[in-house]
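Here is a friendly walk through two parts of a protein model. Please have the coordinates open as you read.

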Amino acid sequence: MCNPFLPPLPVSLDDRTTLNAEQITNLLEVCLRTTYFVFNKEYYEQQNGAAMGSPVSLIVANLFMEHFEETALDTRFRLWKRYVDDIFCIIKSEFLDESLIFLNSLFPSIQLTSEVETNGSLPFLDVLVSRFDDGTMKTSVHRKSTHTDRYISYQSNHAPHVKKGIVKCLVRRTYNLSSESSLKNEIDHVRSVSSINGYPRSIVDKVKHELKKKKKQVDTTTLNKDPVATAIIPYVSTVSERIRKILWDYGIRTSFKTKTTLSNLLTKIKDPTSNENKVGAVYKIMCECGDFYIGESGRALGIRIKEHKSACEQGYFTKSPLAEHVWQEGSHVIHWNQVKLLDFSQGMVERKVKETIYNMSPNNLTMNRDSGMELSPLVLRAARGHSHK
Ligand SMILES: [Zn+2]
């Protein structure tokens with residue numbers, strides 16, 4: 001029977017796909033059983049649970065928890081609200097211990113712990129729920145005791161809209177999560193936090209005003225036009241904002257990325273892939289005479305280099321321009337151990353463009369036979385500005 005605590009599904013499987021339940025289960029099985037990862041150059045297979053970061057994990061986790069709830073829930077639970085694995089629940093205190101033992105006996109992999117209210121307050125996600133003796137409740141923003149109220153400093157090299165976005169997010173969250181009675185305190189808190197982080201005094205009121213205005217606009221008119229494309233460019237103070245404005249006139253949305261951050265300087269979560277295994281490389285192979293060959297490959301770099309090598313040994317000119325060079329020049333020595341990785345990209349077109357640009361050697365030392373892709377004069381002019389490594 002369907003659990004009365006759960007809402008009914010809006011449409012049936014047949015409405016959504018031509019695959020049947022068994023096929024979907026089989027495909028899901030493949031996704032869930034083929035997770036592996038590399039640590040200290042050893043390969044590991046995941047035995048239990050769903051892979052972190054996989055798009056299917058959240059869905060499977062939710063499916064499982066729904067199954068769990070169908071088995072577990074009964075009338076002892078006055079209210080049961082769950083977000084992924086966080087549950088907010090109202091239960092009479094005399095039922096608490098036995099219910100927890102019961103819930104934890106259902107599946108060995110699901111072991112819940114409980115946290116009870118202190119002074120009538122209990123946090124759930126980022127909301128602090130408080131109840132009063134007269135039966136009323138209020139909500140406010142919950143901050144962990146370890147929260148430092150530290151955000152990107154106003155002096156930091158970030159686009160102004162990013163910094164404003166932080167204040168916007170704080171103000172919006174305050175309005176979304178606070179009851180009427182806690183609103184004033186919460187806004188005061190946002191004010192003091194933004195001033196601690198160096199933001200101008202007026203910013204909170206400005207943002208409040210903008211959010212109100214925007215809400216009116218959304219209510220009365222249709223949403224902004226959809227962008228035709230998105231451009232991702234590095235953030236360089238003032239220049240990038242100008243580019244963003246120009247692009248928006250053509251319907252292109254711009255997103256900025258900050259290349260060097262402390263986080264990517266200091267953290268290396270995965271084992272680095274050795275150059276040999278790098279896929280999508282633009283590479284440079286040098287000859288002893290100073291001539292060089294620049295190529296790109298969608299496969300592992302090590303395999304492509306081996307192919308060049310064997311073409312050189314056997315004299316297959318069609319397979320590698322390096323072979324032609326070596327044989328015509330009378331056994332020049334190629335520096336196979338010093339192959340340089342110039343760049344890499346998963347996209348073929350991007351690689352071809354990069355290969356062409358790197359190949360624009362001023363002294364004509366490249367062995368490449370064709371001039372590569374046809375690039376716009378603008379790109380060529382920009383590329384000539386910086387000669388290759
Ligand atoms: Zn040579």
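The report looks at a sheet and then at a pair of helices.

This is a predicted model, in which local features need pLDDT of at least 70, side-chain atom pairs count only at pLDDT 80 or more, and totals for chains, interfaces and linings use all residues. Residues are numbered from 1 along each chain as its sequence is written.

**The sheet.** Three strands form an open sheet in the order E5-E6-E7, with antiparallel pairing. Strands E5 (121-124) and E7 (137-141) stand at the edges with a single partner strand each, so one side of each has no neighbour in the sheet. Strands (E, at least two residues) and helices (H or I, at least four) are DSSP runs numbered from the N terminus, and two strands pair if DSSP finds at least two bridges between them. E5 is joined to E6 (residues 127-131) by four bridges, and Pro123 stands opposite Leu128 in E6.

**The helix pair.** Helix H11 (residues 321-328) has the buried residues Pro321, Leu322, Ala323 and Val326; buried stands for 20 or more other C-beta atoms within 10 Å of a residue's own, with C-beta atoms placed from the backbone. These buried residues pack against the elements in the table.

| Element | Residues |
|---|---|
| Strand E10 | 279-286 |
| Strand E11 | 292-300 |
| Helix H10 | 301-314 |

H10 and H11 pack at an angle of about 35 degrees, with their axes 8 Å apart; axes are lines fitted to C-alpha atoms over the stretch in contact, and angles run from 0 to 180 degrees between N-to-C directions. His308, Ala311 and Cys312 of H10 meet Leu322, Ala323 and Val326 of H11, a contact being C-beta atoms, placed from the backbone, within 7 Å. Just after H11, Gly330 takes a positive phi of about 80 degrees.

Definitions and conventions
Buried ≥ 20, exposed ≤ 12 C-beta atoms within 10 Å, placed from the backbone. Contact = placed C-beta atoms within 7 Å.
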